[in-house]
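Have the sequence and the structure open as you read.

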Amino acid sequence: MNKQQFWQLIEAARNQASDPNDGEAVVHRAASLLATHPAEEIVAAQQALWDLMADSYTNPLWAAAYVINGGCSDDGFDYFRGWLIAQGREVFECIVADPDALAEVPIVRASAADGVDLDCEEALSIAWSAHVMATGKQLPDDAFSIRYPELDLTWNFDFDDHSEMTRRLPRLAALFLE
């Protein structure tokens, strides 16, 4: 399974989930759908997922997650990107290209109003869950590798600096920092 096929899986899961904005519902549906595939495709899906995690490993997106969730640890950033993947390819690609565009996503606007963090740790285990469902066994230890890019040093500043965040992510800052 490549990234294109993984995105098709996520889209099918979003279409079948009771609430496509509920990352956990999408992820559970995706794992169930993936479990119907051959074991080798399930294993390949794990690499596709982590390739998307690497594609979204950027300082600007991390800063956006920090603003939205009121802080963001390493693990928190993984869970935020899991949530972002569960939103589907169109949203994912738009946001990776322009993290400040999160301010235009309805669920993000709603989270600003009600203070709900946006994360989905379960997204990181779609293939693991599917593999257990399909085979009764855990994924092989060598099912994936992570190749994170270098972070952009121009974004190496204190994310608690509201004036800098407002300058770099003005739409998100207007929603979450004012």
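A residue is called buried when its relative accessible area is under 20%, exposed when it is over 50%, and partly exposed in between, using a 1.4 Å probe and protein chains only. By that scale Arg 81, at 0% relative accessibility, counts as buried.

A word on the source: this is a predicted model, in which local features need pLDDT of at least 70 and side-chain atom pairs count only at pLDDT 80 or more, while totals for chains, interfaces and linings use all residues. Residues are numbered from 1 along each chain as its sequence is written, and side-chain values use heavy atoms, with hydrogens and water left out.

**Salt bridges**

A salt bridge here is a side-chain nitrogen of Lys or Arg within 4 Å of a carboxyl oxygen of Asp or Glu. The count by this rule is nine.

| Pair | Closest N and O atoms |
|---|---|
| Lys 3 and Asp 55 | 2.7 Å |
| Arg 81 and Asp 78 | 2.3 Å |
| Glu 104 and Arg 171 | 3.9 Å |

Helices are DSSP runs (H or I, at least four residues), and they are numbered from the N terminus. Arg 81 and Asp 78 are separated by about one helical turn, because they sit three residues apart in helix α5 (residues 74-86). Asp 78 is buried too, at 16% relative accessibility.

The salt bridge between Lys 3 and Asp 55 links distant parts of the chain: Lys 3 belongs to helix α1 (residues 3-16) and Asp 55 to helix α3 (residues 39-55), 52 residues apart. Lys 3 is partly exposed at 32%, and Asp 55 is partly exposed at 37%.

What does the salt bridge of Glu 104 with Arg 171 tie together? Glu 104 is in the loop between α6 (89-97) and α7, and Arg 171 is in helix α10 (residues 170-176), so the pair joins parts that are 67 residues apart in sequence. Both residues also belong to a network of salt bridges that links Asp 98, Asp 100, Glu 104 and Arg 171.

Val 67 is found in helix α4 (residues 59-69) and is buried, at 6% relative accessibility. Contact means heavy atoms within 4.5 Å. Leaving aside residues up to four places away in sequence, Val 67 touches Met 165, Leu 169, Leu 172, Phe 176 and Leu 177. Asn 59 lies in helix α4 as well and is buried at 8%.

**The largest pocket**

A pocket is an open set of points on a 1 Å grid over the protein atoms alone, with protein on both sides within 12 Å along at least five of seven lines; its lining residues have an atom within 4 Å of a point. Of the 14 residues lining the largest pocket, Asn 21, Ile 107, Val 116, Asp 117 and Leu 118 lie nearest its centre. Helix α7 gives the most to this lining, with four residues.

**Cysteines**

How many disulfides does a search of the whole structure find? The search finds zero, a disulfide being a pair of cysteine sulfur atoms within 2.5 Å. The sulfur of Cys 72 is too far for a bond, because the closest cysteine sulfur, in Cys 120, is 14 Å away. For Cys 94, the nearest cysteine sulfur is that of Cys 72, 19 Å away. Cys 72 is buried at 14%, whereas Cys 94 is partly exposed at 41%.

Terms used:
On a 1 Å grid over the protein atoms alone, a cavity is a set of points where a 1.4 Å probe fits but cannot get out, and a pocket is an open set with protein on both sides within 12 Å along at least five of seven lines; lining residues have an atom within 4 Å of a point. Helices (H or I, at least four residues) and strands (E, at least two) are DSSP runs, numbered from the N terminus.
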